[in-house]
Amino acid sequence: FLAMAERALREEGPPGMWIVFPPWAASSGRMHIRATWWWGYPMLAAYDLTGDNRFWEAALRAGQWYMDQQNLDGGFYYSPVVGGKHTTFGLAASGAAVSSIIWCDLYQRTGDAKYKTAVNRSAAFLAAAQFSPRADDANVRGALWESPNPPDGTPCPGFFIRDIATLFAIRALDKALGI
């Protein structure tokens, strides 16, 4: 684990993000919204194991990267490119959830209110992304959508639904209740 954490420190870039790792080639400039979750959040565990401030600083950069990506309503885009552009319909509810998990941990460790504010914004977004218990389709009741489908010429193109948004939202909201 620590060898991987050391590699992640070497491979970090842009700050708080690990664009060098799949799913896309770094040359594409696309940043996967959960890459900071995969590579940044474990920096807290590496710090806890070693007390090495390099890991702590990397975790803080990961938290900041997410803050820089968060939309005004608490949502996130799935694959922004370096420089901030993104696809119009590329929202990712899972981004709001994984960032909140990191921020809850950082808030508990630092007491910095900026993390709690960001968690609250994402929690509101996640609540809005949840299907009502009264939804016509029983298969989606209580679930969260991951992203809206791009328009397809019909009045209601619908949503892309994956378990990942719901599963991470449960973890995020559980941690948020603790702060």
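User: At what angle do helix α1 and helix α3 pack?

Analyst: This is a predicted model, in which local features need pLDDT of at least 70, side-chain atom pairs count only at pLDDT 80 or more, and totals for chains, interfaces and linings use all residues. Residues are numbered from 1 along each chain as its sequence is written, and side-chain values use heavy atoms, with hydrogens and water left out. The axes of α1 (residues 2-11) and α3 (residues 42-50) are 10 Å apart, and the packing angle is about 120°.

User: Which residues of α3 make the contact with α1?

Analyst: Contact means heavy atoms within 4.5 Å. On the α1 side, Leu2, Ala5, Ala8 and Leu9 take part. The α3 side supplies Met43, Ala46, Leu49 and Thr50.

User: Where does Pro14 lie, and what kind of peptide bond joins Gly13 and Pro14?

Analyst: Pro14 is in the loop between α1 and α2 (35-40). Most peptide bonds are trans. Between Gly13 and Pro14, omega is about -10°, and the bond is cis.

User: Which residues of α7 are buried, and what covers them?

Analyst: Buried means under 20% relative accessible area, with a 1.4 Å probe and protein chains only. In α7 that applies to Ile164, Ala165, Thr166, Phe168, Ala169, Ala172 and Ala176. Their cover includes α2, α5 (93-110) and α6 (113-128).

User: How far apart are the end C-alpha atoms of α7?

Analyst: The expected span of a helix is 1.5 Å times one less than its number of residues. Helix α7 (residues 163-177) has 15 residues, so it should span 21 Å. The separation of its end C-alpha atoms agrees: 21 Å.

Key: Axes are lines fitted to C-alpha atoms, for helices over the stretch in contact, and angles run from 0 to 180 degrees between N-to-C directions. Helices (H or I, at least four residues) and strands (E, at least two) are DSSP runs, numbered from the N terminus. Buried means under 20% relative accessible area, exposed over 50%, partly exposed in between (1.4 Å probe, protein chains only).
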